[in-house]
Every structure is written in C-alpha cells, then in structure tokens.
Amino acid sequence: MTIEAPTFMPSVSTEDTNSPHVTATDLMIVEDNDTDFSLLQRAIRKRLPDTRIHRAVSHRELVTKLLKQSFDLYIVDMGLPDAIGNTTIAYIRSNNETIPIIALTGTGSIEYAVFALKAGASNFFEKSVPAFAKVADHIANFLEASRASQQRNKTLAELESLKTRFQDYAEAA
C-alpha cells in the first residue's frame with residue numbers, strides 16, 4: 001500500500017554553475033527491527049550509494065540525535081518501542097514543516113496510513129522487500145525532482161538578471 005502527499009525539496013548545492021546537483025543526502029531511519037533496517041538500508045544503498053544513512057531505534061534516541069544533527073529525509077516505523085509512529089512524525093514535523101517523512105508499518109491498515117498522513121507523513125508504505133525497493137525509488141525520484149527544480153530556479157534567476165541588464169541598457173540608450 002502506498003499513499004502519497006506533496007513532495008518537498010532537500011538541500012541543493014550550486015557550486016558548479018553548469019551542473020547543479022543535490023548534495024549527499026543525510027537520511028534518518030527510525031526503525032527498531034534490525035532485519036527491517038538492514039533490508040531497507042540495502043535497498044537504499046543499492047539505488048542511492050552516496051546517501052548517508054543514520055539510524056535511531058526509538059523516539060527517544062531520535063530526539064537526542066536531532067539535538068546534534070539535522071537530516072534531509074526521514075523514514076519512520078509506525079511501531080516503535082517507546083512511541084507510536086505518528087507521535088514521532090508529528091515531532092519531526094513540528095521542527096520542520098517541509099522535510100519529507102516516509103512512514104512504514106508492518107500492517108497495511110488504512111488506519112495507520114491515515115494516522116501517519118494526519119501526523120505529517122509525506123508518504124506511507126507497508127513493510128516488505130518490494131516496498132523497500134519502492135521507498136528507495138521514491139527517494140531517488142524526490143532527489144531528481146529537486147535537481148530539476150533547482151535548475152528551473154537557476155534559469156529563472158538568470159533570466160531576471162538578463163531582463164534587468166536589458167532594461168538598464170535600454171534606459172542608457
């Protein structure tokens with residue numbers, strides 16, 4: 001089961017003006033199950049080898065890590081040992097309104113999807129090996145959309161600069 005909400009933008013670097021690119025993505029996976037974490041990590045590394053993957057096994061550990069570092073994207077298990085996933089999603093969302101958050105659950109209940117989306121999740125997946133590959137694809141699509149958006153913004157800024165230069169030239173003539 002996949003339910004999507006709006007897409008969002010990660011950190012983008014424009015150091016190379018001819019080739020904008022998304023900087024290495026810091027991804028936080030909040031997952032207490034070692035097997036699920038390993039399968040998800042493997043799928044993401046296969047599709048996005050430059051992604052830096054971080055892990056928290058509980059809501060409390062995530063809160064501690066957020067005091068030291070921010071992340072570009074979150075994947076949150078809905079069944080954590082110390083919190084319901086929507087609590088964790090709401091906490092992340094309260095600190096950043098635009099950060100992408102993907103919710104995962106071992107049960108494909110529509111109720112979990114609704115709870116996750118109401119809490120602020122951007123997308124929802126039921127845990128399975130095929131779904132983990134879809135999560136990796138979703139992240140890759142998100143990054144590609146960010147690259148395109150960054151290029152569009154750069155082009156618009158260049159056009160605005162040319163417009164200003166043209167107006168200055170016309171006024172001077």
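Is aspartate 77 buried or exposed, and what is its relative accessible area?

A: The model is a predicted one, and within it aspartate 77 is buried, because its relative accessible area is 4%, where buried means under 20%. Aspartate 77 forms a salt bridge with lysine 127, and the closest N and O atoms of this pair are 3.2 Å apart. Since aspartate 77 belongs to strand β6 (residues 73-77) while lysine 127 sits in the loop between β8 and α5, the pair ties together parts that are 50 residues apart in sequence. Lysine 127 is buried as well, with a relative accessible area of 16%. Through shared partners, salt bridges join Glu31, Asp36, Asp77 and Lys127 into one network.

Lysine 65 and glutamate 61 meet in a salt bridge with an N to O distance of 3.3 Å, and because they are 4 residues apart in helix α2 (residues 59-66), about one helical turn separates them. Lysine 65 counts as partly exposed at 27% relative accessibility, and glutamate 61 counts as partly exposed at 26%. In total, the count comes to 8 salt bridges.

Turning to the largest pocket, about 180 Å³ of space lies in it. Helices α1 (34-47) and α5 (129-172) each supply at least two residues of its lining, which divides into 6 nonpolar, no polar and 4 charged residues. Among the lining residues are Leu39, Arg42, Lys46, Phe132 and Asp137.

As for the chain around these sites, it has 5 helices and 8 strands, and from the N terminus on its elements run β-β-β-β-α-β-α-β-α-β-α-β-α. Of its 173 residues, 40% are buried, and among contacts with a separation of 6 or more, 66% are between residues 24 or more positions apart. The accessible surface of the protein chain comes to about 9700 Å², with 52% of it belonging to carbon and sulfur atoms.

Terms used. Residues numbered from 1 in each chain as written. Predicted model: local features only at pLDDT ≥ 70, side-chain atom pairs only at ≥ 80, totals over all residues. Heavy atoms only, no water. Buried < 20%, exposed > 50% of the residue type's maximum accessible area, 1.4 Å probe, protein only. Contact = heavy atoms within 4.5 Å. Areas by Shrake-Rupley, 256 points an atom, 1.4 Å probe, with all protein chains shown as cover. 1 Å grid on protein atoms, 1.4 Å probe; cavity = no way out; pocket = protein on both sides within 12 Å on 5 of 7 lines; lining within 4 Å. Points joined across faces, edges and corners; volume = space filled by probe spheres on them. Nonpolar A, V, L, I, M, F, W, Y, C, P; charged D, E, K, R; others polar. Salt bridge = Lys/Arg side-chain N within 4 Å of Asp/Glu carboxyl O.
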